[in-house]
Amino acid sequence: MALDIAAVKALVGKESALMAARHRANIPDIRHWCEVIRQDNRSYREFEKSTVSAPAALLMVWTMPPLWSPEPKAPTEPHERAIRLLEEAGYTTGLAVALEQKFMRPLKVGERLSYKVKVSAVSPGEVETGIGRGYQLDLHYTFQNQDGELVSEQVCRRAQVTKVTAQTKH
Amino acid sequence: MANKFGVLPFNSPVEPTMDYSKIAPLIGVQSPRHLPHDRVTVEDVDRWCQVMRDTNPLYTDEEYARQSPHGGLLAPSGMVHVFALGTMKAAIDQFVHGKCEFPDDPNVKLNTVVEEEGYTGVMATAQRQQHFRRLRVGDEIHWTLGIARLSDYDHLTRQGVGRKYQMLYQFFNQNDELLCNQTFDVLVYRAPMSTRRLYAG
Amino acid sequence: MSREINNVYWEDVQVKQDLPEKSRVIDTTLIAMGATWATHDFMPVHHDRDFAQSKGAPDIFMNILTSNGLMMTYLEQWAGPKAVIKDISIKLSVPNFPRDKMDMNARITRKWQEKGENLIEVAFNGDNQMGPHASGTAIISLPTRG
């Protein structure tokens with residue numbers, strides 16, 4: 001299907017509904033993350049004793065869609081629709097290529113994150129991205145806790161390409 | 001040893017190819033109680049259910065579970081062993097660098113002996129779990145393990161010449177209640193080249 | 001949540017009854033996520049293809065906890081949340097590799113009452129294209145209508 005760039009551009013400036021993270025900020029996710037990223041091998045008992053808030057880099061983790069769900073969610077939010085339009089036009093591989101993050105306050109263990117996503121920009125045409133030729137989408141994430149207190153704002157630049165052409169050493 | 005055709009009949013006893021006296025003291029001894037790396041949590045139960053595609057509401061629906069006779073979320077019984085496995089770092093230390101988290105456990109000592117004797121391949125072949133009590137979200141699972149038995153002669157298997165041993169795991173919750181007895185059968189085998197060298201001359 | 005929840009009752013099942021078959025596509029995601037994410041088994045042969053091949057395996061292969069989990073889930077999804085698996089023995093034969101498909105089936109082999117429980121025994125199989133991956137028996141306590 002040819003790309004309807006006007007349909008993608010029409011989504012710029014549109015923001016999703018507020019979506020709740022699947023889980024609260026929790027010790028096992030923090031511990032697993034620290035184990036893999038920081039090679040921190042302490043037991044959950046140590047984490048339970050000393051962890052007050054989540055490492056900031058985990059915020060995006062709690063927005064990730066599940067691996068499987070008995071009732072899969074249709075892509076209805078503006079950013080999901082923009083990605084879907086690009087995918088349907090053959091730009092099937094999506095990858096985050098840049099991330100800007102501002103943190104207003106830490107997310108405490110036990111708090112539940114909510115977030116909304118705004119399509120803030122789309123490249124006017126095909127561009128050379130870090131992973132090949134395609135389109136760039138800028139997605140603006142706003143994170144808040146369950147009481148509406150702002151936790152973080154992030155801009156994720158996403159490349160959608162037909163084929164990954166980045167050079168590898170192989 | 002091999003017969004004149006250079007092959008062994010399946011499962012036939014042969015002359016001992018390893019020193020069993022190093023093994024004998026390790027049989028029937030349980031390790032000290034170990035603590036898990038994670039409590040049983042909704043997040044870990046959710047991961048399991050997504051992979052297994054399990055929709056049992058006792059595991060996934062807090063409200064349903066609260067109103068059930070259990071009074072709260074459970075974890076699938078098969079997860080009992082999950083919390084006894086080491087962290088990623090522990091696994092890399094063990095499987096890449098050969099450094100074990102609990103070097104004094106009987107299975108670790110056994111593995112050292114059988115590896116020295118040339119049985120370098122390891123494979124789990126069977127498992128039995130007897131469940132006595134449900135796992136609850138929030139539980140802290142303690143466990144012990146030991147070697148129940150090791151075959152005192154070689155078996156000819158698809159993988160090569162090997163020995164079978166059986167581990168016994170016992171899982172307890174934080175109230176010292178027995179949750180599950182689990183046996184775990186492991187085949188250790190000589191990599192094919194050394195098998196050929198040993199048995200076909 | 002309003003999903004319909006089915007329970008199988010002890011009175012309604014018979015010896016020699018077959019459970020409905022189910023299949024599961026075995027791919028790299030299921031093997032790697034099953035090992036690491038679901039069952040905390042970080043032995044590299046279950047998630048690192050290069051490591052698995054250096055050990056002589058053609059590819060990564062499924063760990064026993066995932067096999068056991070898939071079979072227990074298959075049985076529990078059929079029996080419903082009121083059933084309890086009391087005892088399960090599982091034997092592994094052919095490994096599950098990526099690009100396999102595992103067909104799961106089971107048959108009721110015994111039905112009896114003991115110590116106030118209403119029990120059945122099932123014999124189950126999980127087969128891939130190369131042969132039997134997992135087979136075994138399970139004792140399940142079922143609810144009664146009474």
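A nonpolar core is taken here as a set of buried Ala, Val, Leu, Ile, Met, Phe, Trp, Tyr and Cys residues joined through C-beta atoms within 7 Å, where a residue is buried if 20 or more other C-beta atoms, placed from the backbone, lie within 10 Å of its own, exposed if 12 or fewer do, and partly exposed in between. The structure is a predicted model, in which local features need pLDDT of at least 70 and side-chain atom pairs count only at pLDDT 80 or more, while totals for chains, interfaces and linings use all residues. Residues are numbered from 1 along each chain as its sequence is written, and chains are lettered from A and ligands numbered from 1 in the order in which they are written. The model scores ipTM 0.90 and pTM 0.88.

When neighbours within four places in sequence are left aside, C:Met71 is in contact (two residues are in contact if their C-beta atoms, placed from the backbone, lie within 7 Å) with C:Ile90, C:Met104, C:Phe124, C:Gly126 and C:Ala134.

Chain C comprises 3 helices and 5 strands, these elements being DSSP runs numbered from the N terminus, with helices (H or I) of at least four residues and strands (E) of at least two. Along the sequence the elements of chain C follow the pattern β-α-α-α-β-β-β-β, and the C-alpha atoms of the chain fill a box of roughly 55 × 35 × 25 Å along the principal axes. Of the 146 residues in chain C, 41% are buried; among its contacts between residues at least 6 apart in sequence, 68% join residues at least 24 apart. Chain B, in turn, has 6 helices and 7 strands, which run from the N terminus as α-α-α-β-α-α-β-β-β-β-β-β-α. Buried residues account for 34% of the 201 residues in chain B, and 71% of the contacts in chain B between residues at least 6 apart join residues at least 24 apart.

Between chains C and B, 32 residues of chain C are in contact with 28 residues of chain B. On the side of chain C that touches chain B, helix H1 (28-38), helix H3 (64-79) and strand S2 (84-92) of chain C each supply at least two residues, and the largest share, 9 residues, comes from H3(C). By class, this side of chain C has 18 nonpolar, 8 polar and 6 charged residues, where Ala, Val, Leu, Ile, Met, Phe, Trp, Tyr, Cys and Pro count as nonpolar, Asp, Glu, Lys and Arg as charged, and the others, Gly among them, as polar. Strand pairing, which requires that DSSP find at least two bridges between two strands, also links these chains: strand S2 (residues 121-131) of chain B and S2(C) pair in the antiparallel sense over 5 bridges, with C:Lys91 as the bridge partner of B:Ala126. The contact between chains A and B takes 15 residues from chain A and 14 residues from chain B, and helix H2 (residues 27-37) of chain A gives the largest share of the chain A side, 5 residues.

Within chain A, strand S6 (residues 150-161) is joined to strand S2 (residues 93-103) by 10 bridges, the two running antiparallel, and A:Gln101 has A:Gln154 as its bridge partner. S6(A) is also joined by 11 bridges to strand S5 (residues 132-144) of chain A, again antiparallel, with A:Phe143 opposite A:Ser152. S5(A) and S6(A) form a hairpin with 5 residues between them, and A:Gly148 in the turn has a positive phi of about 85°.

In helix H4 (residues 78-88) of chain A, the residues A:Pro78, A:His79, A:Ala82, A:Ile83, A:Leu85 and A:Leu86 are buried. These residues lie on the same side of H4(A) because they cover an arc of only 155° around the axis, the arc being that of the directions from the helix axis to the C-beta atoms. The buried residues of H4(A) pack against helix H1 (5-9), S2, strand S3 (114-122), S5 and S6 of chain A. Just after H4(A), A:Gly90 takes a positive phi of about 105°.
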